[in-house]
Amino acid sequence: MDRQAEILLQAAKDAMEKAYAPYSSFKVGAAVLTEDGRIFGGCNIENASYGATICAERTAIFNAVSCGYRKIVKIAVVCSSGHYAYPCGICRQVMSEFMDGTSKESLIILEDCEKGILEMNINEMLPYAFSGKDIENG
Ligand code: THU
């Protein structure tokens with residue numbers, strides 16, 4: 001594993017420690033890397049009104065965007081099961097807004113305690129994404 005992926009996965013694990021998941025007990029952590037090397041973490045935050053829950057990936061991305069960032073180079077995601085934390089559909093859609101699917105550097109990094117690291121870009125994770133271009137053509 002390269003050093004950058006290792007650092008980002010560790011930041012995701014640190015963020016996972018902050019998860020608020022009293023209903024599912026399924027903790028998720030994410031960490032995003034910006035173009036200038038900053039890292040923003042996020043965890044899942046559940047709610048008694050289940051639909052108000054937010055996933056770790058969106059917490060991390062919105063954390064970065066709230067600080068003025070618009071491009072995310074990498075995102076690492078981990079979960080308390082120790083297996084791959086495959087992002088949900090809504091999080092994939094949000095990633096596609098801020099990640100470049102054509103750049104080799106732009107990766108989603110997942111880790112499984114038995115299978116190791118899995119890296120892919122957003123085009124692989126969400127083919128045929130809805131984007132701003134679709135609105136322009138509407
Ligand atoms: N969850 C995430 O944080 N990310 C995902 O991509 C999928 C699901 C969280 C939401 C909820 O707190 C828990 O996992 C169970 O669905």
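Begin with helix H2 (56-66): the elements covering its buried residues include S1, S2, S3 and H3. Contact here means heavy atoms within 4.5 Å, and buried means under 20% relative accessible area, exposed over 50% and partly exposed in between, with a 1.4 Å probe and protein chains only. Helices (H or I, at least four residues) and strands (E, at least two) are DSSP runs numbered from the N terminus.

A word about what is on your screen: this is a predicted model, in which local features need pLDDT of at least 70 and side-chain atom pairs count only at pLDDT 80 or more, while totals for chains, interfaces and linings use all residues. Residues are numbered from 1 along each chain as its sequence is written, and side-chain values use heavy atoms, with hydrogens and water left out.

**Stop 1**

Which residues of H2 are buried? Select Ala 56, Glu 57, Arg 58, Thr 59, Ala 60, Ile 61 and Ala 64 to see them. Now stay with Ile 61 and show its surroundings: leaving aside neighbours within four places in sequence, Ile 61 is in contact with Val 32, Ile 72, Ile 75, Val 94, Met 95 and Phe 98.

Next, widen the view to the largest nonpolar core, which has 25 residues. A nonpolar core is a set of buried Ala, Val, Leu, Ile, Met, Phe, Trp, Tyr and Cys residues joined through side-chain atoms within 4.5 Å. Colour Val 32, Ile 61, Ile 75 and Ile 108, the residues with the most contacts inside this core. Strand S1 (28-34), helix H2, strand S3 (72-79), helix H3 (89-98), strand S4 (107-112) and helix H4 (122-125) each give two or more residues to the core. Apart from this core lies another, of 12 residues, among them Leu 8, Ala 11, Ala 12 and Leu 33.

Before leaving H2, click on Gly 68, which follows the helix and has a positive phi, near 100°.

**Stop 2: helix H3**

Select Cys 91, Val 94, Met 95, Ser 96 and Phe 98, the buried residues of H3. Their cover includes H2, S3, S4 and H4.

**Stop 3: aromatic pairs**

The structure holds three aromatic pairs. Rings of Phe, Tyr and Trp (its six-membered ring) pair if their centres lie within 6.5 Å; planes under 30 degrees apart count as stacked, over 60 as edge-to-face and the rest as tilted. Show Tyr 23 and Tyr 50: the ring centres are 5.7 Å apart and the planes meet at 45°, so this pair is tilted. The pair links distant parts of the chain, with Tyr 23 in the loop between helix H1 (3-16) and S1 and Tyr 50 in the loop between strand S2 (39-43) and H2, 27 residues apart. Tyr 23 is partly exposed at 43% relative accessibility, whereas Tyr 50 is exposed at 60%.

Move on to Tyr 84 and Tyr 86, a tilted pair with 5.8 Å centre to centre and 55° between the planes. Tyr 84 is buried, at 14% relative accessible area.

**Stop 4: two positive phi values**

Click on Ser 25, in the loop between H1 and S1. Although not a glycine, Ser 25 has a positive phi of about 60°, and at 55% relative accessibility this serine is exposed. Then find Tyr 128 in the loop between H4 and helix H5 (132-136). Its phi is also positive, near 60°, and Tyr 128 is exposed at 86% relative accessibility.

**Stop 5: salt bridges**

How many salt bridges does the structure hold? There are two, where a salt bridge is a side-chain nitrogen of Lys or Arg within 4 Å of a carboxyl oxygen of Asp or Glu. Select Glu 6 and Arg 3, whose closest N and O atoms are 3.3 Å apart. These residues are three apart in helix H1, and therefore separated by about one helical turn. Finish with Glu 111 and Lys 13, where the closest N and O atoms are 2.8 Å apart. Glu 111 lies in strand S4 and Lys 13 in helix H1, so this bridge ties together parts that are 98 residues apart in sequence. Lys 13 is partly exposed, at 30% relative accessibility.
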